[in-house]
Amino acid sequence: MRHAGIDIGSRTVKLVVVEDGAVVTARKADNSFDPVAVGTALLDGIRYDRLTATGYGRHTFRQHYACGVVSEIKAFATGARYLFPDCRAILDIGGQDTKVSSLGPGGRVLKFEMNDRCAAGTGRFLEIMAGAMNYRIEEFGKAALRSDSAAKISAMCTVFAESEVISLLNGGAKRDDVALGIHEAIGRRVVSMLGRLPAFDSLVFSGGVACNPCLRRLLEKTLGVPVTVPEDPQLVGALGAALENAAT
């Protein structure tokens with residue numbers, strides 16, 4: 001059977017189809033005001049026997065499709081364990097939230113923390129900060145890596161942080177130094193969340209923000225453990241949803 005998983009995220013919709021334990025299709029598209037329409041477009045021409053949705057829009061999607069649903073925490077745990085069987089801790093930073101999870105034997109979720117009341121440190125936060133400094137989001141992390149003297153960023157509220165960034169730049173601070181300061185501030189916030197999990201000796205980093213090379217390096221340095229990023233970190237949740245589907 002072909003099992004499809006669709007992850008309706010705040011910024012991106014992802015689709016993965018699994019057959020006989022192997023990924024046969026993977027697609028993704030930017031989300032819009034109509035996530036059901038985006039998901040429908042991704043499914044166009046795709047053959048599947050069963051469909052499971054995850055992500056913040058999963059319940060809305062289920063109203064239009066006869067599909068199952070699974071929580072993001074469970075989907076990402078299953079997807080990460082499929083890719084990295086020894087995985088014991090997961091960090092997922094998406095467009096509008098940050099989640100950390102600890103896994104036990106067999107992939108059971110032991111504990112998780114979620115920052116869903118503030119966009120600080122998320123993909124959207126990074127997009128706004130990059131825009132404030134006239135960086136493309138794709139080059140933001142690389143720019144930060146060019147600095148060896150981070151500017152101090154105190155605010156993590158998106159509005160206040162943007163004002164602080166503009167003030168620093170107007171005061172003569174170098175763009176790359178401010179970029180590094182922002183990344184270090186995000187890193188401190190994430191490390192604080194991870195510190196509330198049981199001890200772990202490696203970390204799987206998923207979600208769109210995992211593509212940021214500076215944040216990966218800062219986390220590895222601060223945590224003192226290897227930080228592993230999947231080939232396409234945005235697909236982990238959809239993969240997990242498809243695998244959860246196949247297991248039932």
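Overall form. I am working from a predicted model, in which I find nine helices and ten strands. I looked up the extent of the C-alpha trace, which spans about 60 × 40 × 30 Å along the principal axes of the protein. I then checked the radius of gyration, which is 18 Å and agrees with the value near 18 Å that a compact globule of 248 residues would have. Of the contacts between residues at least 6 apart in sequence, 61% join residues at least 24 apart.

Surface and charge. I noted that 51% of the 248 residues count as buried, and that the protein exposes about 11,500 Å², of which carbon and sulfur atoms supply 49%. For the charges, I looked up the mean positions of the 29 positive and the 27 negative ones, and these lie 3 Å apart.

Nonpolar cores. Which residues have the most contacts inside the largest nonpolar core? In this core of 41 residues they are Leu91, Met133, Phe140, Ile182, Ile186 and Phe205. Among the elements that give two or more residues to the core are strand 6 (89–93), helix 5 (137–145), helix 7 (175–194) and strand 9 (203–206), and helix 7 gives the most, with nine residues.

Methods
Residues are numbered from 1 along each chain as its sequence is written. This is a predicted model: local features need pLDDT of at least 70, side-chain atom pairs count only at pLDDT 80 or more; totals for chains, interfaces and linings use all residues. Side-chain values use heavy atoms; hydrogens and water are left out. Helices (H or I, at least four residues) and strands (E, at least two) are DSSP runs, numbered from the N terminus. The radius of gyration is taken over C-alpha atoms; the globule rule is 2.2 Å times the number of residues to the power 0.38. Buried means under 20% relative accessible area, exposed over 50%, partly exposed in between (1.4 Å probe, protein chains only). Contact means heavy atoms within 4.5 Å. Accessible areas come from the Shrake-Rupley method with a 1.4 Å probe; for residues, only the protein chains shown count as cover. Lys and Arg count as positive and Asp and Glu as negative; His and the chain ends are not counted. The place of a charge is taken as NZ of Lys, CZ of Arg, CG of Asp or CD of Glu. A nonpolar core is a set of buried Ala, Val, Leu, Ile, Met, Phe, Trp, Tyr and Cys residues joined through side-chain atoms within 4.5 Å.
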